[in-house]
Amino acid sequence: MIIVNDLKPGVTFQYEGNIYTVLNISHNKTAMRQMIVKAKAKNLRTGTILDVSFTGGDKVEPAHIDKKEMSYLYDTGDALVFMDNSTYDQIEIPTANLEWEKHFLKPNDNVMISMYEGEILGVILPDKVALQVVECEPAVKGDTATSATKNAVLETGWEIRVPLFINQDEMVLIDTAEGKYSGRAKE
């Protein structure tokens, strides 16, 4: 058991039948009351963010999350198919569970799959991924007064804003947390 006073960002725990990971934690102690521990936690099954309040000294059950490296193979329309790199076993994860992540996956990419007691929770993306620009607006000379960015479409279909110097067929780095341009990819 984990005492809630010891919770830190990144710790995973079970609460009310669900699995959560701590995003943020705060302790509130006043002279006349017992400590209140407030945790902002993400449900690893649904992806929803929840604010939970505990009384100091409460205990929660730890949840050990396993991670396994797998290769992304293809999209069936209903699910994304991944293959275990060591056993060649294939698994399917419903597309509805990976709405955000699919924008940053291309075939043969290696990703980490998170699991809890055999139940697949999702995909852990790297912080940044390199993707190719397949469609890009032309840069208009002298158009830097308002904004020095233009629209671009990546090979996965994701649309982003890029600086004017980025051209079609270039490789760019994308921040997977926000889905934004991060820089040019080294070739």
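The model you have open is predicted.

Stop 1: Start with the largest pocket, which has a volume of about 790 Å³. Next, select Lys42, Leu44, Glu101, Val123 and Ile124. Of the 29 residues that line the pocket, these are the closest to its centre.

**Stop 2: the lining.** Now select strand E3 (18-28), strand E4 (36-43) and strand E11 (119-124). Each of these elements gives two or more residues to the lining of the largest pocket. Which of them gives the largest share? Colour E11: the largest share, 4 residues, comes from there. Then colour the lining by class.

**Stop 3: E3 beside E4.** Keep E3 and E4 and hide the rest. The two strands pair in the antiparallel sense, over 8 bridges. Pick asparagine 24, then look across to E4: lysine 40 stands opposite. While you are here, look along a strand. In a regular strand the side chains alternate between the two faces of the sheet.

Stop 4: Select isoleucine 36 and find its bridge partner in E5, threonine 55.

**Stop 5: the turn.** How many residues lie between E4 and E5 in their hairpin? There are 5. Finish on glycine 47, which sits in this turn and has a positive phi of about 85 degrees.

Note on methods:
Residues numbered from 1 in each chain as written. Predicted model: local features only at pLDDT ≥ 70, side-chain atom pairs only at ≥ 80, totals over all residues. Heavy atoms only, no water. 1 Å grid on protein atoms, 1.4 Å probe; cavity = no way out; pocket = protein on both sides within 12 Å on 5 of 7 lines; lining within 4 Å. Points joined across faces, edges and corners; volume = space filled by probe spheres on them. Pairing = 2+ DSSP bridges.
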